[in-house]
Amino acid sequence: MKSFIRIFCKVLFVLITISSHELMAQAVLTATISKNTVAVGEQFQLTYSLNGSGRNFQGPDLKDFNVLGGPNQSSQVQIVNGSYSQSISFTYFLQAKSEGNFKFGFATIEADGKRIQSNGLMINVVKGNPNSQGGNAQAQNNPEGVSEKNLFLRAEVNKTNVYRGEALTVTFKLYTNVNIVNYAVSKMPSLSGFYNQEITLPEQLQLHNETVDGINYKVGELKKVVLFPQQSGQLSIDPMELECIARIQVKGNNRMDPFGMFQDPFFGFNSARDVKYAFKSNKVNINVKELPANAPLGFNGSVGQLNFDATLDKKETKANEPVSLKLKITGTGNLKLVEAPEINFPPDIESYDPKINDNLRVSENGVSGSKTIEYLIIPRHEGTYDLAAITFSYFDLNKKQYVSATAGPFTLKVGKGIGGSGSASTSNISKSDFQLLGKDIRYIKIQEPDFIATTGNFYGSLPYYVLTFSPLLLFFGLLVYRKRIETINSDIPLLKSRKATAVALKRLKVAHKFLASNQHQALHEEISKAMWGYMSDKLAIPFADLSKEKIETSLTTLNVQSEKINFFISTLDQCEMSRFAGGTTIVDADLYQHAVQAISDIEQSLKS
């Protein structure tokens, strides 16, 4: 009996141990917030973390808060003593709207073949400063160290009082006096009530210096659009919303340096941290005046400084032969919206829908160029036809009045066509018949055909079985290949790590073009992106969490030689110094070569 009890206890212990390991290995979705108490209008972060891999994340209902950004997904992979672990997180950037105690609903995600649910959270939103005891108001209103004095977005228009159909230009400009590592537009401006045509800007953000309220900023144009209001009254250009990752310099505290000389960034004793900051541009109101009421007959909404002309490609022709009537409108205005003027052709002239060709240029001054409208007409009978004068009306912005331009009239002499003028053989030809004429008639072959005799039976032969079963084999081969590709692509960190070198070399190739054209700012920015991006992909560390300290620690763990690590960090420092401190002692060509060498050294060490 004692033996039986002893065996039973051992079995029970093994079952409990196995169950505990299974519970420990289960995926758990954990919700956390950066602050438990916030003030109205204050920003905070809500993060959901999963200790494994998952998909189809569904966040909670956040109607009680302003969602400034998110959910931003990041993943992390750790390999310690051959043990592999993976985690994934989803972060929201929120702003409190009103006072009270609020509960965050549950988030869910698919993991381990089932849908799991997060824990619940509570947050207390108070009026004003939540930490009045010994707090710093500026630090609490701006916990990340970035404010609208360092980083802001401004929408500027060249005019705010226009006529309906008159062009105006809006430019969205980014102002910064901090280092921006990355940025993304989270919400494009709504341009309701406007027809818009975007002005093409360089792919690389072009920065210049501006002074605002005595503060120097680097300024870049993110978006520039020409707008044509389509209705009168008060119209609004809604804000553009932006998310930036700003790199903030944090001064060290060197007690051995009483004079503070080693706090200078030149000596490299400052540390940096990346801060995510969400903001938006100002709202712009536009007063749109209605056009005068005395519009001429046939006016179709054309506005600008325009010219009009019309030509007939021939004055004499034969019955059933096509003639081209070409209208051309040139100048500056809402040319894209200009409609073809109405033309009344004689009953004996058949006309087709016009072919419209736009040759336009979009610039800060509006849209300029030409619009060509070409009619194909076919006179069906011989005789002399008078085409009435064609009138084009538009509103002239310089004269502030309507202008009517006239072309014509035109006289077309039509001679007798083949088979007579208007005989049954030609007068009943339809438009579709005319378009296909000459294409649907083939010559009749009069030679006797040559037949080739075949021998043997194809059924049951080797080619028969090859052609029969090869599609099936190909199908199974494609299934195996697709499964392998899905397996590789599902491991996103590993995929990024494999492609890290290729992505970095692609960016360095772009940087080499900037080096050849002496574009210093663009060169330094592209080298910085190549080096930071390479480390983010290779080490599977999210860009926002990446720092020089993490790079050094991770590479040391992977047994990379210290001199190669120091060379990489040194090159990165030289690049940032050239980019933001106005230059260093190293020339651009050497900086580029150092970046290539630094990435190559790290890649070789990681492969060995």
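Colleague: Arg247 lies over the face of Trp532. What makes you say "over the face" here?
Modeller: The distance from Arg247 to the ring centre of Trp532 is 3.9 Å. The rule wants NZ of Lys or CZ of Arg within 6 Å of the ring centre and within 35 degrees of the ring normal. Arg247 therefore counts as a charge over the ring of Trp532.

Colleague: Where do these values come from?
Modeller: This is a predicted model: local features need pLDDT of at least 70, side-chain atom pairs count only at pLDDT 80 or more, and totals for chains, interfaces and linings use all residues. Residues are numbered from 1 along each chain as its sequence is written, and side-chain values use heavy atoms, without hydrogens and water.

Colleague: Which ring does Lys289 lie over?
Modeller: Lys289 lies over the face of Tyr163, at 4.3 Å from the ring centre.

Colleague: Now ring against ring. How many aromatic pairs are there?
Modeller: A search of the whole structure finds 20. Rings of Phe, Tyr and Trp (its six-membered ring) pair if their centres lie within 6.5 Å. Planes under 30 degrees apart are stacked, those over 60 are edge-to-face, and the rest are tilted.

Colleague: Why is the pair of Phe152 and Tyr217 called edge-to-face?
Modeller: Their centres are 5.2 Å apart, and the planes make 80°. That angle is over 60, so the label is edge-to-face.

Colleague: What does this pair tie together?
Modeller: Phe152 lies in strand E11 (residues 151-157) and Tyr217 in strand E17 (residues 215-229), so the pair ties together parts that are 65 residues apart in sequence. Helices (H or I, at least four residues) and strands (E, at least two) are DSSP runs, numbered from the N terminus.

Colleague: Are Phe152 and Tyr217 buried or exposed?
Modeller: Both are buried. Buried means under 20% relative accessible area, exposed means over 50%, and partly exposed lies in between (1.4 Å probe, protein chains only).

Colleague: What about Ala155, buried or exposed?
Modeller: Ala155 also lies in strand E11. Its relative accessibility is 9%. That is under 20%, so Ala155 is buried. Ala155 and Pro239 are 84 residues apart in sequence, yet 7.7 Å apart in space, C-alpha to C-alpha.

Colleague: Why is the pair of Tyr465 and Phe469 called stacked?
Modeller: The planes are 10° apart, and the centres 6.4 Å. The angle is under 30 degrees, so the pair is stacked. Tyr465 and Phe469 are 4 residues apart in helix H5 (residues 462-490), a separation of about one helical turn.

Colleague: What makes these two residues partly exposed?
Modeller: Tyr465 has a relative accessible area of 43%. Phe469 has 46%. Both values fall between 20% and 50%, so both residues are partly exposed.

Colleague: Which residues form an aromatic cluster?
Modeller: Phe44, Phe65, Phe102 and Phe104 form one.

Colleague: On to cysteines. How many disulfides are there?
Modeller: The count comes to 0. A disulfide is taken as a pair of cysteine sulfur atoms within 2.5 Å. Cys244 is buried, at 1% relative accessible area. Cys575 is buried too, at 0%.

Colleague: Why are helices H7 and H8 called oblique?
Modeller: The axes of H7 (residues 520-539) and H8 (residues 548-557) come within 11 Å and cross at roughly 45°. Axes are lines fitted to C-alpha atoms, for helices over the stretch in contact, and angles run from 0 to 180 degrees between N-to-C directions. Under 35 degrees is roughly parallel, over 145 roughly antiparallel, 65 to 115 roughly perpendicular, and the rest oblique. The angle of H7 and H8 falls in the rest, so they are oblique.

Colleague: Is their crossing left-handed or right-handed?
Modeller: The crossing of H7 and H8 is left-handed. In a left-handed crossing the near helix is turned anticlockwise from the far one by less than a right angle; clockwise makes it right-handed.

Colleague: Last, the backbone. What makes the phi of Asp213 worth a mention?
Modeller: Phi of Asp213 is near 55°, a positive value in a residue other than glycine. Asp213 lies in the loop between strand E16 (207-212) and E17. At 76% relative accessibility it is over 50%, so Asp213 is exposed.
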